[in-house]
Amino acid sequence: MSEFTSESKAQTESRKDAAMWTSTFPLLALEYPRVPAEERMTHTIVIFGASGDLTSRKLVPALYELYRKKRLAGPARIVGFSRTPFSHDAWRAKLADSTARFVGNHFDQATWNAFAGSLFYQAGDIERGETLAGLDAFLDELERGEAATRVYYLATAPEFYEPAVVNLGQAGMAQPSRGPRRIVVEKPFGSDRASARELNRVVHQVFSEQQVYRIDHYLGKETVQNLLVLRFANAIFEPIWNRNYVDWVEITAAESLAVGHRGGYYDKAGVLRDMFQNHLLQQLALTAMEAPARFAADFIRDEKVKVFRAIRPMRPKEVTADTVRGQYRGYRNEPGVAAASRTATFAAVKLRVDNWRWQGVPFFLRSGKVMSCATTQIVIQFRQPPHMLFEGERKGAGEANRLVIQIQPAEGIQLHFQTKVPDAEMQTRLTDLSFRFQDKFAGGMPDAYQRLLLDVMHGDASLFARADEVELAWGIVDPIQAVWDAGDAPRLLAYEPAAWGPEEATHWMHDQGRQWFDICPVL
Ligand SMILES: NC(=O)c1ccc[n+]([C@@H]2O[C@H](COP(=O)([O-])OP(=O)(O)OC[C@H]3O[C@@H](n4cnc5c(N)ncnc54)[C@H](OP(=O)(O)O)[C@@H]3O)[C@@H](O)[C@H]2O)c1
């Protein structure tokens, strides 16, 4: 690990270099149609964790794409911060390689060169307050006294969130001066309710809630946002979106990959913390919530919070009956994983939403690693017609209407309904109507980080989790995790790679008179 001081030689060099770059290269001066001219303030995006995977795989490619598409809200500069020493040029060269890899044929060398002129790097240790004071001076120098919105993006391991926030506060970097100051916190936000509450407390000592953007990249996906459009911009779905017509709701996030290099983190977290507390519960909230009065951050978040409050907390005996946990064969041999690990890599959970709309409608949530295929989908399973007239319908019991909202890989919607088989008397068969974004809209689907980064720059927190939301979501997951950690019920079941989790999960669903929608991407 390198040593840093507030006025190190490296930083002095770095500043000289930055001054040269800012005078030689213009900022990324761009148009963004949604933003009024007076709000097109300069943005300084500071990425903590600049040498890491998220920065090179997601953040910088997303910013490059926004630049390429001329979508950035006004001029922007991007400053990377982490301990590894890089010159500005060395960081740019590293990111040129990774960005070319991750944006594929959208990479254009001339566009990259223009973009890269606004990338800067400052080496430092987030745990050492004096290096943040040095960073602040560097940012002031780049901004040259002009008004700028600063976005601090915490893309480091979670144990650095608290020291980063405290040190940003002590360096006076959270105070709005010459423009707003915002902070983006990556997942995981805490590892249980108590730690999330403590992190919120620390964050709120430095930043007001309006300055905080807790990211869940699933919410940046087009289909997740489209769920709100589907429900609330169409009149035909809402009347049937309730206990009178819906039999059950199923939300599956299946990953085909193993834990890979994340074994060390994953073995401590497990599937509930990694997938349920954030992605799955966020999708549940958007599926189950009431229409907000306005499409604005707090209106949406108030409705999501009401859903979390309505989810019945699980007592230990319900955890035993209403959850299934599994671990894929071979998991214990993964790097970073304990030889006798009891961490679940698969879970199925039945939740009940105790309100007028959803009383009696179970929500089945399921996620696992090394499953048959990679797909994330929300299935609204409707009830059977009250009276079955046709032979085919009677034979095909269980094949009632179904709406499949596919979040990934392809984004879109499929409606399943019965139709008459031609030239076969009154035989019926389930068929479908499909909509895929990529068939109807040109230009490809943007990565979720593009939308989320833009929203932070605009100060729109609609797609970010509020403090109370995060704590409530942990409150749903914690009782399950506690029972799992305490004993053997339910049993930790082994499952074969490339299956839909343990076979028992299928039997468990059958025992409830239901069956999983185990179809690899429908679209
Ligand atoms: N990777 C993904 O796709 C992904 C997806 C969703 C969420 N996330 C979340 O994003 C965060 C980052 O993940 P990652 O995969 O990018 O991790 P990573 O590759 O391990 O990167 C961590 C970064 O933090 C820096 N860092 C560590 N200690 C530091 C310190 N004391 N001061 C300053 N910088 C320090 C590291 O750089 P130095 O060693 O050079 O200091 C490195 O740049 C995690 O919280 C993760 O859960 C990641």
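Ala, Val, Leu, Ile, Met, Phe, Trp, Tyr, Cys and Pro count as nonpolar, Asp, Glu, Lys and Arg as charged, and the others, Gly among them, as polar. By these classes, the shell around the ligand has nine nonpolar, seven polar and six charged residues. The structure is a predicted model.

**The ligand and its surroundings**

- There are 22 residues around the ligand, and D53, L54, R57, R83 and T84 come nearest.
- Helix 2, which spans residues 53-68, gives the largest share of this shell, with three residues.
- The side chain of R57 has an N or O atom 2.3 Å from an oxygen atom of the ligand.
- I126 takes part through its backbone, where an N or O atom is 2.8 Å from a nitrogen atom of the ligand.
- K187 also has a backbone N or O atom by the ligand, at 2.9 Å from an oxygen atom.
- The ligand taken alone exposes 890 Å², and 79% of that is buried by the protein.

**The disulfide**

- The structure holds one disulfide, and its two cysteines are C373 and C520, with an S to S distance of 2.3 Å.
- The disulfide is left-handed, because the torsion about the S-S bond of C373 and C520 is about -105°.
- Where do C373 and C520 lie? C373 is in the loop between strand 10 (362-368) and strand 11 (375-382), while C520 is in the segment after helix 16 (503-511).
- The pair therefore ties together parts that are 147 residues apart in sequence.
- C373 has a relative accessible area of 11%, which is under 20%, so this cysteine is buried.
- C520 counts as partly exposed because its relative accessibility is 30%, which falls between the 20% and 50% cut-offs.

**Strand 10**

- Is strand 10 largely enclosed or largely open? Seven of its seven residues are buried, so strand 10 is largely enclosed by the rest of the structure.
- In a regular strand the side chains alternate between the two faces of the sheet.
- In strand 10, P362, F364, R366 and G368 point one way, F363, L365 and S367 point the other way, and all are buried.
- Strand 10 pairs with strand 7 (residues 246-254) in the parallel sense, over six bridges.
- One of the residues involved is A254, whose bridge partner in strand 10 is G368.
- Strand 10 also pairs with strand 9 (residues 346-352), and these two strands run antiparallel and are joined by seven bridges.
- Here R352 has P362 of strand 10 as its bridge partner.

- T428 belongs to strand 14, which covers residues 428-436.
- Which side chain does the side chain of T428 contact? The side chain of T428 makes a polar contact with the side chain of Q418, at 3.5 Å.
- N242 sits in the loop between helix 8 (222-232) and strand 7.
- The side chain of N242 reaches the backbone oxygen of P239 at 3.1 Å.

Technical notes
Residues are numbered from 1 along each chain as its sequence is written. This is a predicted model: local features need pLDDT of at least 70, side-chain atom pairs count only at pLDDT 80 or more; totals for chains, interfaces and linings use all residues. Side-chain values use heavy atoms; hydrogens and water are left out. A residue is near a molecule or strand if one of its heavy atoms lies within 4 Å of it. A polar contact is a pair of N or O atoms within 3.5 Å; within protein, one must be able to donate a hydrogen and the other to accept it, and residues adjacent in sequence count only if both atoms are side-chain atoms. Accessible areas come from the Shrake-Rupley method with a 1.4 Å probe; for residues, only the protein chains shown count as cover. Helices (H or I, at least four residues) and strands (E, at least two) are DSSP runs, numbered from the N terminus. A disulfide is a pair of cysteine sulfur atoms within 2.5 Å. Buried means under 20% relative accessible area, exposed over 50%, partly exposed in between (1.4 Å probe, protein chains only). Two strands pair if DSSP finds at least two bridges between them.
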